[in-house]
Amino acid sequence: QVQVVESGGGLVQAGGSLRLSCAASGIIFKPDTMGWYRRVPGKQRELVATIVSNGSANYADSVKGRFTISKDNANNSVYLEMNSLQPEDTAVYYCRLIRFPTPPTYEYWGRGTQVTVSS
C-alpha cells in the first residue's frame, strides 16, 4: 500500500526558513513528477513547485527565488526548501506524486503539513 507523508511544517517568523520533506513508501514504479501544493482555508489548492524525472523544476511566480524543490529518486522523496517566508505563505502544504502517461499511471497525495508564518 502506498503512503505519502509530509513533514517539516511548523510556526516561523516572517523572514525565516523551513524545509519540508515528503516520503513515499510502497512505490514500485517511479513517479514522473513530484510536487508541492498549498491551500489556504476558503481558497483552492495551488501549485507551489514541481520537479520532473530529469530534474527540471517549475515554480509558482509567488515563490520564485525563495523556494527550492529537490528530490531523492532512490527513496521517492521530494523536498521544499523555503526561505524568506512571508505571512502569505501560511497554508497547508501537500505533496503529490504522479506517474503519467507511462503505465501504470497513478496520482498520490499526502495529507499535508501546516506552515504558519507570523508577522
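Let's start with one residue. T113 is buried, at a relative accessible area of 11%. Buried means under 20% relative accessible area, exposed means over 50%, and partly exposed lies in between, with a 1.4 Å probe and protein chains only.

A word on the source. This is a predicted model, where local features need pLDDT of at least 70, side-chain atom pairs count only at pLDDT 80 or more, and totals for chains, interfaces and linings use all residues. Residues are numbered from 1 along each chain as its sequence is written, and side-chain values use heavy atoms, with hydrogens and water left out.

Back to T113. Its place is in strand β11. Strands here are DSSP runs of E with at least two residues, helices are runs of H or I with at least four, and numbering goes from the N terminus. What does the side chain of T113 reach? The backbone nitrogen of G9, at 3.2 Å. Leaving aside neighbours within four places in sequence, T113 is in contact with E6, S7, G8, G9, L20, A91, V92 and Y93. Contact means heavy atoms within 4.5 Å.

Next, the core. The largest nonpolar core has 28 residues. A nonpolar core is a set of buried Ala, Val, Leu, Ile, Met, Phe, Trp, Tyr and Cys residues, joined through side-chain atoms within 4.5 Å. Which members touch the most others? W36, L80, M82, Y93 and L97. Two or more residues each come from β3 (18-25), β4 (33-39), β5 (46-52), β7 (67-72), β8 (77-82), β9 (91-99) and β11 (113-118).

Look at L97. Again leaving aside neighbours within four places, L97 is in contact with V4, C22, A24, I27, P31, T33, M34, Y106, E107 and Y108.

Now β9 and its partner. β9 pairs with strand β10 (residues 106-109) in the antiparallel sense, over four bridges. Two strands pair if DSSP finds at least two bridges between them. I98 has E107 in β10 as its bridge partner. The two strands form a hairpin, with six residues between them.

On to the disulfide. How many does the structure hold? One. The sulfur atoms of C22 and C95 are 2.1 Å apart, and the rule asks for a pair of cysteine sulfur atoms within 2.5 Å. The link is left-handed, with -80 degrees about the S-S bond. C22 sits in strand β3 and C95 in strand β9, so distant parts of the chain are linked, 73 residues apart. Are these cysteines buried or exposed? C22 is buried at 1% relative accessible area. C95 is buried too, at 0%.

Last, charges. Side chains of opposite charge can pair when their charged atoms come close. A salt bridge here is a side-chain nitrogen of Lys or Arg within 4 Å of a carboxyl oxygen of Asp or Glu. The count comes to six.

R38 and E46 meet at 2.7 Å, N to O. R38 is buried at 5%, while E46 is partly exposed at 36%. D61 and K64 meet at 3.1 Å, and D61 is exposed at 65%. D89 and R66 meet at 2.8 Å. D89 lies in the loop between β8 and β9, and R66 in the loop between β6 (57-59) and β7, so this pair ties together parts that are 23 residues apart in sequence. D89 and R66 are both buried.

One more link to close. R38, E46, R66 and D89 are joined in a network of salt bridges.

Notes:
Polar contact = N/O pair within 3.5 Å; in protein donor to acceptor, adjacent residues only side chain to side chain.
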